[in-house]
Amino acid sequence: MKSKQIKNILFFLFIAFILTGCTFLDTSVEESSNLVIVERVVDGDTIIANGQRVRLIGVDTPETVKPNHPAEPYGQEASNFTKKMLEGKRVQLQADVADQDQYGRLLRYVYLEDGTFFNDLLVREGYAMVYTVPPNVAHQETFLASQRYAMENNKGLWGLPETRSDLDRLYVDEKGEGLIKVSRNGIYHLPGTTYYERTNAVELYKTEREALDAGYRKSSSR
């Protein structure tokens, strides 16, 4: 092989090496840019990051900022926990199938810098109930397992006396059929509450524990 050909080959190998190195560096920068700062915590399951309102997927914490409504039991504790864990911190946001909800909020899974799955942590520590809305169901089974753990160990809101006493109360008719109605939007209604009679049930349950264990959320109506 002629000297000129060898030089050409070496030159192209050198250029390829440089380009490979640049690609590697660009990828590294891209990965680090996936981390965003949580600027503010609105409540237990809603944050502001990169100037956008973000609703955590698959979980529902008790209300603290709903207009004309008092804070729900354990709502302030949930909000304080999310502030402690996320506010001012760098996190990774991960989408599922649906990018936004009906209010224009981004729907995201949140991961701490150390890899902790924060949505699941909220459920496992009893700060949130599972609230799965299709098509964002990628971690539904994980959340349900964490909720069972929290309920069995009286964690957080599940340790409240009023919550524990209600979980296994029977709602059945004279035939022993369940009376707790689950609507199409995944919310269950107890007999005697505001929307019970007008709810067309897609599922029926005998106890709140059964409905919760199936991944449904209790209606906030009284």
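Visitor: Which residue of β6 is the bridge partner of Q92?

Guide: In β6 the partner of Q92 is Y111, where strands are DSSP runs of E with at least two residues, helices are runs of H or I with at least four residues, and both are numbered from the N terminus. This is a predicted model, in which local features need pLDDT of at least 70, side-chain atom pairs count only at pLDDT 80 or more, and totals for chains, interfaces and linings use all residues. Residues are numbered from 1 along each chain as its sequence is written, and side-chain values use heavy atoms, leaving out hydrogens and water.

Visitor: Which strands pair with β6, and in what sense?

Guide: Two strands pair if DSSP finds at least two bridges between them. Strand β5 (residues 90-94) is antiparallel to β6 over four bridges, whereas β3 (residues 52-56) runs parallel to β6 and is joined to it by three, with R55 partnered by L107.

Visitor: Is strand β6 buried or exposed?

Guide: Buried means under 20% relative accessible area, exposed over 50%, and partly exposed in between, with a 1.4 Å probe and protein chains only. Seven of the seven residues of β6 (residues 106-112) are buried, so the strand is largely enclosed by the rest of the structure.

Visitor: How should I read the buried residues of helix α4?

Guide: An α-helix has 3.6 residues a turn, so residues three or four places apart point the same way. In α4, the buried residues are F143, L144, S146, Q147, A150 and M151. Seen down the axis of α4, they fall within an arc of 165° (taken from the directions from the helix axis to the C-beta atoms), so they line one face of the helix. On the other side of α4, E141 and E152 are exposed.
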